Amino acid sequence: TFVQLSTLAIFGDAGDIVLTEDSPPAAGPPQQAGVALAWERAADSIRAQCLTILRPSIVLDPAAPVMARLAGLARWGLGGTVGSGRQWVSWLHFEDFERIVARCLDGSLPGVVLASSPNPVQGKEFMRELRHALHRRLGLPTPTALVRLGAPLLGTDAALALTGRRAHPARLLDAGFQFDHPDLRTALADLLAESR
């Protein structure tokens, strides 16, 4: 069994389209879909009885830089809507991610598997729930132009914040996988608990 870790970014900026394992990869942007497609094609030469291409969403982990950066912005009052706020955020609690990887390693899910909570949210809701978890009532919005200007200063790509994907993990659900953290509010409460 071989599990190759890819990314939902292979779908580029998919708007409101609900993505499943049957959805075709996007033509761009090259730093997202282009890289992911080349990475997945590299698996064509792998010889395994069971090859799984795992396409995870954003994995929320309290030790990950993305969580530290988002939580820091919210704590400083900058946790408002990013860009339009309409971009879809597919997310996954890291404990569910670990369980999904273990499930794929048992050889029962060959082919493409989307690893994402069954409850994606739009960007404005994601930031609202993040503020709620951090007990911050208000957050200044970050307009698209400011995201594009500030991203290089933070050493990141503006497309990461401005593009979105609305994933539905159909194969996992059909296989009976039970998410321990399917709801964003309770997932963030767990991830940002002071005890962690």
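## Starting at S116

Where is the place of S116? You'll find S116 in the loop between β7 and β8 (121-122). Keep in mind that what you're looking at is a predicted model.

Is S116 buried or exposed? With a relative accessibility of 0%, S116 counts as buried, because anything under 20% falls in that class. Leaving aside residues up to four places away in sequence, S116 touches L8, S57, S90, W91, L92, A167, P169 and F179.

Take a look at the pairing of β3 (residues 51-56) with β7: it's parallel and runs over five bridges.

## R55 and E40

By the rule used here, the model has five salt bridges. One of them joins the side chains of R55 and E40, at 2.8 Å from N to O. This pair links distant parts of the chain, with R55 sitting in strand β3 and E40 in helix α1 (residues 30-41), 15 residues apart.

Are these two partners buried or exposed? R55 is buried, with a relative accessible area of 5%. E40 counts as buried too, at 10% relative accessibility. Both calls follow because the cut-off for buried is under 20%.

The side chains of D96 and R99 meet in a salt bridge of 2.9 Å, N to O. Both residues lie in α3, three residues apart, which is about one turn of the helix.

Which other residue does R99 form a salt bridge with? That would be D180, with the closest N and O atoms 3.6 Å apart. D180 lies in the loop between α7 (170-174) and α8 (184-191) while R99 is in α3, so the pair ties together parts that are 81 residues apart in sequence. Put together, D96, R99 and D180 are linked in a network of salt bridges.

## A nonpolar patch on the surface

Now for the outside of the model. Which residues form a nonpolar patch on the surface? They are L73, W76, L78 and L140, and together they have about 460 Å² of accessible area.

L78 is one of the residues in this patch, and you can find L78 in the loop between α2 (65-75) and β5 (88-89). At 37% relative accessibility, L78 counts as partly exposed, because that class covers values between buried, under 20%, and exposed, over 50%.

Definitions and conventions. Residues are numbered from 1 along each chain as its sequence is written. This is a predicted model: local features need pLDDT of at least 70, side-chain atom pairs count only at pLDDT 80 or more; totals for chains, interfaces and linings use all residues. Side-chain values use heavy atoms; hydrogens and water are left out. Two strands pair if DSSP finds at least two bridges between them. Helices (H or I, at least four residues) and strands (E, at least two) are DSSP runs, numbered from the N terminus. Patches are made of residues with over 30% relative accessible area and no salt bridge: like charges are joined within 9 Å, nonpolar side chains (Val, Leu, Ile, Met, Phe, Trp, Tyr) within 5 Å. Accessible areas come from the Shrake-Rupley method with a 1.4 Å probe; for residues, only the protein chains shown count as cover. A salt bridge is a side-chain nitrogen of Lys or Arg within 4 Å of a carboxyl oxygen of Asp or Glu. Buried means under 20% relative accessible area, exposed over 50%, partly exposed in between (1.4 Å probe, protein chains only). Contact means heavy atoms within 4.5 Å.
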